[in-house]
Amino acid sequence: FKSGNITAMSSKYIRPKVLKSKYVHKLAPKCFNWGWTTTSCIIITLSVLSFLYPAFCFSQEVKQNFTIKYLFSIDAIVSGTPLDRVSDIFIDNKHNELYAMDDANKRVVITDLNGTFLYQFTYADAGVKSMTVGIAATEDGLLYIAEQKRIVITTYRGIYKKDMDLSSIPDADTMTILSIAIEGDMIYIGDSGNGRIVIMDRKKEAFTTQFKEGMGRNIHIGMDDTGIYIRDPAVFSVFRLDKSGKPLGRFGTVSSLAGGFSMTTDMVVDRKNGRVIVLDINRLAAIFFDREGNFLFEFGGPDVFLSPRTIAVDDKGRVYIYDASKKVRVFQIVAEAPVV
């Protein structure tokens with residue numbers, strides 16, 4: 001294994017390497033051209049052997065074609081230990097770095113965006129004491145690593161600085177943190193214990209405001225320049241709010257068909273392209289919506305993913321998905337000319 005040269009995934013993992021939306025679900029999707037419905041495929045997958053998979057069918061036809069190109073995978077094996085049970089991925093576009101929260105090995109692994117291993121630090125070095133729920137970085141060189149009851153502040157290289165002071169937050173003692181996001185000097189905290197988003201001035205470590213209306217209780221935050229997105233797996237929905245906290249609506253439905261949710265595990269907002277991407281572990285799919293929640297397309301399936309867990313996207317439109325293969329798989333999404 002040479003630094004910067006990551007072996008491409010073999011055809012047993014993904015077929016073909018360039019996937020287009022013409023190979024997509026109809027309302028009665030089929031696998032192998034055998035006439036099986038998606039439901040049949042799921043039943044067989046669960047009832048036979050979890051590691052033997054039927055082929056996957058892609059998302060419903062849309063007005064614009066998308067090409068999904070597999071690029072490479074990241075396993076961090078040159079660090080001495082491969083990735084295992086990654087709970088979160090954070091992309092630092094300013095420094096072209098990827099941070100992977102490797103819970104099984106109690107460390108944070110840093111690579112460049114081409115997959116070259118750069119650095120790692122342990123949870124102990126960072127002052128992390130329990131299960132992590134999220135990581136975010138700032139432009140002034142700090143990492144914020146969230147546990148359910150505290151947020152740790154470290155340097156970019158994982159040297160512990162201090163715990164963030166959360167005492168100014170109302171009902172801070174009943175908080176259960178599920179997610180964090182940072183916008184400039186503001187940190188947004190998803191608090192499941194009180195069903196709210198808490199906003200703090202991170203430099204002053206002072207409570208600013210909170211939002212409660214128009215969202216569920218399982219608050220997993222995604223953000224872009226236009227608003228806030230809340231994934232709540234318990235109600236199979238994504239809630240939309242503007243930056244002031246005003247509810248704008250929700251999208252998502254329970255379905256085995258294209259665009260449907262079964263068991264969502266993560267969500268990311270592609271700021272540059274205005275897309276919301278939801279990862280579903282049961283449907284083995286990365287599901288793409290526009291900012292208003294209109295379904296665009298999806299890709300995945302058993303030839304592509306093995307229990308996908310977490311997702312990130314960079315400013316070049318590349319999508320990073322970690323699954324039970326213990327690799328971060330990297331895909332390029334290319335929008336083609338609209339279909340006439």
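Tutor: Phenylalanine 236 is partly exposed, because its relative accessible area is 27% and the class runs between buried, under 20%, and exposed, over 50% (1.4 Å probe, protein chains only). The residue belongs to the loop between strand S16 (228-232) and strand S17 (237-241), where strands (E, at least two residues) and helices (H or I, at least four residues) are DSSP runs numbered from the N terminus. Its phi is positive, about 55°, although phenylalanine 236 is not a glycine. Most residues other than glycine have a negative phi.

Before going further, please keep in mind that this is a predicted model, in which local features need pLDDT of at least 70 and side-chain atom pairs count only at pLDDT 80 or more, while totals for chains, interfaces and linings use all residues. Residues are numbered from 1 along each chain as its sequence is written, and side-chain values use heavy atoms, with hydrogens and water left out.

Glutamate 205 is another residue other than glycine with a positive phi, near 55°, and its place is in the loop between strand S13 (196-201) and strand S14 (206-211). Glutamate 205 counts as buried because its relative accessibility is 12%. Its side chain is joined to that of lysine 162 by a polar contact of 2.7 Å, a polar contact being a pair of N or O atoms within 3.5 Å, of which, within protein, one must be able to donate a hydrogen and the other to accept it, with residues adjacent in sequence counting only if both atoms are side-chain atoms.

Lysine 162 is found in strand S10 (residues 160-163) and counts as partly exposed because its relative accessibility is 39%. Leaving aside neighbours within four places in sequence, lysine 162 is in contact with Ile151, Val152, Ile153 and Glu205, where contact means heavy atoms within 4.5 Å. Valine 152 is ten residues from lysine 162 in sequence, and their C-alpha atoms are 6.2 Å apart in space.

Ile151 leads on to the largest nonpolar core, which has 32 residues and in which Tyr144, Ile151, Ile177 and Ile189 touch the most other members; such a core is a set of buried Ala, Val, Leu, Ile, Met, Phe, Trp, Tyr and Cys residues joined through side-chain atoms within 4.5 Å. Strand S8 (residues 142-147) gives the most to this core, with five residues. Beyond its neighbours within four places in sequence, tyrosine 144 is in contact with residues including Ile151, Val152, Ile153, Met164 and Arg202. Apart from this core lies another of 19 residues, among them Phe66, Ile277, Phe299 and Ile333.

Turning to the sheets, strands S13 and S14 belong to an open sheet of four strands with the order S11-S12-S13-S14 and antiparallel pairing, where two strands pair if DSSP finds at least two bridges between them. Strand S11 (177-183) and S14 each have a single partner strand, so one side of each is left without a neighbour in the sheet. Neighbouring strands here are turned by 25° against each other on average, direction ignored; the axes are lines fitted to C-alpha atoms, for helices over the stretch in contact, and angles run from 0 to 180 degrees between N-to-C directions. S11 and strand S12 (residues 186-191) run antiparallel and are joined by six bridges, with glycine 190 in S12 as the bridge partner of serine 179.

Another open sheet of four strands has the order S19-S20-S21-S22, again with antiparallel pairing. Its edge strands, each pairing on one side only, are strand S19 (264-270) and strand S22 (295-300), and its twist averages 20° from one strand to the next. Strand S21 (residues 285-290) pairs with S22 over five bridges in the antiparallel sense, and in S22 phenylalanine 295 is the bridge partner of phenylalanine 289.

As for the whole, the protein has two helices and 25 strands. Of its 340 residues, 54% count as buried. The protein exposes about 15000 Å², of which carbon and sulfur atoms supply 52%; accessible areas come from the Shrake-Rupley method with a 1.4 Å probe, and for residues only the protein chains shown count as cover.
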